[in-house]
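Open the model in your viewer and keep the selection panel at hand. The stops below each give something to select and say what is there.

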Amino acid sequence: MFRKRGSVLIKKQTKTKKIKITKKTNVKNSPEFVKSNNFFIKNKDLVFRILFTLAILVLIRLGSFLTVPGIQLTSDYQDKVQDIQFFQLLATLGGGSIGKFSILALGVSPYITASIIVQLLSTDVVPVLTRWTKSGERGRKKLDKLTKFIMVPFAIMQGEATIFTMQAQGIINPKWSENVQSITGVGPEVFYYILVPLIMLGGSFFMLWLADQITIKGVGNGISIIIFLGIISTMPGNFKATFEIWNKDTSEQASIFFVGLIKFIIYILAFLLVIFFVVLMNEAERKIPIQQTGAGLVDSKDHTPYLPLKINNAGVIPVIFSSAIISTPVTIAEIIKATSPSNGFVLFTQNYLSFGTWWGIGIYATLTILFTFLYAQVQINPEKVAENFKKSGTFIPGIKPGKDTEQYLAGVIFRLSILGAFFLAGIAILPYVISKLTGLPSNLAIGGTGLIIVISVAIQTTQQLRGRIIQQKLIDKKFEKFTDETLEETHIW
């Protein structure tokens, strides 16, 4: 029996004596719904994370203008710094500002080098580190603490190499040389080789702390974001320098300016084309169809579940690894070079590890290819995937579960890595090849480690932000469903 009273609908059940009252309210017209429909209010946590990250990045950029205390830069400092391979690697890997010799000049480069060593030792080389790797969050914290301890000697070594190199080039002068000698009774060498590296070590730890804050309270991937900032901040200056190189003799003929302008336009178009191919390779994937035991056949190809395997599963890690490995002997060579320029180790690094030689370019490309194959297998472990498939009753159509699935996945990953490895190595060495063939400075040429890192970090950060927005939408839908259910009141009379 039903009775309707205004906006209240009463359903009466004679047996249970229950009456269900449903209030008909227009939720969409309520002021609460209008307020919550605002993007900034619905995603206020995401907005806060973005603003917090931007504030940290602004702080880092301000710190990049603070030169190390007691150091005076010469007028030709920036021109000479750009031509030294050690400083190019330091700026690319660390995200610091070596261009002004700031207190943040080392950036997170020492931490990355230490992290690579810890990761390599954790691959069944040191049993304790292997156990920590498999111990979840607790083990990860122990590995992070160990990495920070190992980071200290690398930071001091890079700081010493920086001082030795700059002093040998004659591009820095001590401001406090007389005061230091009169107060302490020692020469400025002590100030150079002890105090300044310690200041740079403190700046590196400060950068690492800021990276942790971005990871915890910001958009995530703190170290990657800092490296991204360090690289992207140099791009406007590089474009300006490239334009000036091709248009420096414009006083005599207007045709020279026109030719230089055409070259610069071609340069920009080629730069955009390289970006397009890097994005394409980062997003390209091989879809392997999978099926659940007992689930039956799918109704269409669009609804077929699949295992996505990217062509470049290793991402940007191989480029960072190979750059860090090359930078370590180059760092040691810069320290030795200040006292013994004709040392055999110094000559070896200059002839075989310098990006200005074909040997150095070839070794860099080879290391990138090898690390791509290695890290692709680490990133997606075929043995573990096959084991998880077997436990969950998932299988690849036409492939037997277990060992056959493992071998099939390993073969697919290997074939994908061939294409991904050679493409990654090609983009990484592209600026050095262009520099050898055209005479254009390598830091101004197209491609390189910096471009790969920038694109990879941008794509990864965008995906994370999109994921947070989707997560918030799901939360809002659950909240609306809960609100609709609470509008129904049931009374027992």
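This is a predicted model. Start by selecting helix 17, residues 382–392, together with helix 18; their axes come within 8 Å and cross at roughly 140°. An angle over 145 would count as roughly antiparallel, so helix 17 is instead oblique to helix 18. The crossing of helix 17 past helix 18 is right-handed. To see the contact, show side chains for P382, E383, V385, A386 and F389 on helix 17, and for T405, E406, L409, A410 and I413 on helix 18. Coloured by class, the residues of this contact come out as seven nonpolar, one polar and two charged.

Next, select helix 6 (residues 109–121) and helix 8 (residues 136–169), whose axes come within 7 Å and cross at roughly 125°. Helix 6 and helix 8 are therefore oblique to each other, and their crossing is right-handed. On the helix 6 side, the contact is made by S109, P110, Y111, T113, A114, S115, I117 and V118. Helix 8 brings L143, D144, T147, K148, I150, M151, F154, A155 and Q158. By class, the contact of helix 6 with helix 8 holds 10 nonpolar, five polar and two charged residues.

Helix 3 passes helix 11 in a right-handed crossing. Show T53, L57, I60 and R61 of helix 3, which meet I225, I226 and L229 of helix 11. Five nonpolar residues, one polar and one charged make up the contact of helix 3 with helix 11.

To centre the view on the second largest pocket, pick A91, I231, T234, N238 and N443, which lie nearest its centre among the 40 lining residues. The space in the second largest pocket is about 1,000 Å³. Colouring its lining by class gives 18 nonpolar, 20 polar and two charged residues.

Definitions and conventions:
Residues numbered from 1 in each chain as written. Predicted model: local features only at pLDDT ≥ 70, side-chain atom pairs only at ≥ 80, totals over all residues. Heavy atoms only, no water. Left-handed = near helix turned anticlockwise from the far one by under 90°. Helix = DSSP H or I, 4+ residues; strand = E, 2+ residues; numbered from the N terminus. Contact = heavy atoms within 4.5 Å. Nonpolar A, V, L, I, M, F, W, Y, C, P; charged D, E, K, R; others polar. 1 Å grid on protein atoms, 1.4 Å probe; cavity = no way out; pocket = protein on both sides within 12 Å on 5 of 7 lines; lining within 4 Å. Points joined across faces, edges and corners; volume = space filled by probe spheres on them. Axes fitted to C-alpha atoms, helices over the stretch in contact; angles between N-to-C directions. Parallel < 35°, antiparallel > 145°, perpendicular 65-115°, else oblique.
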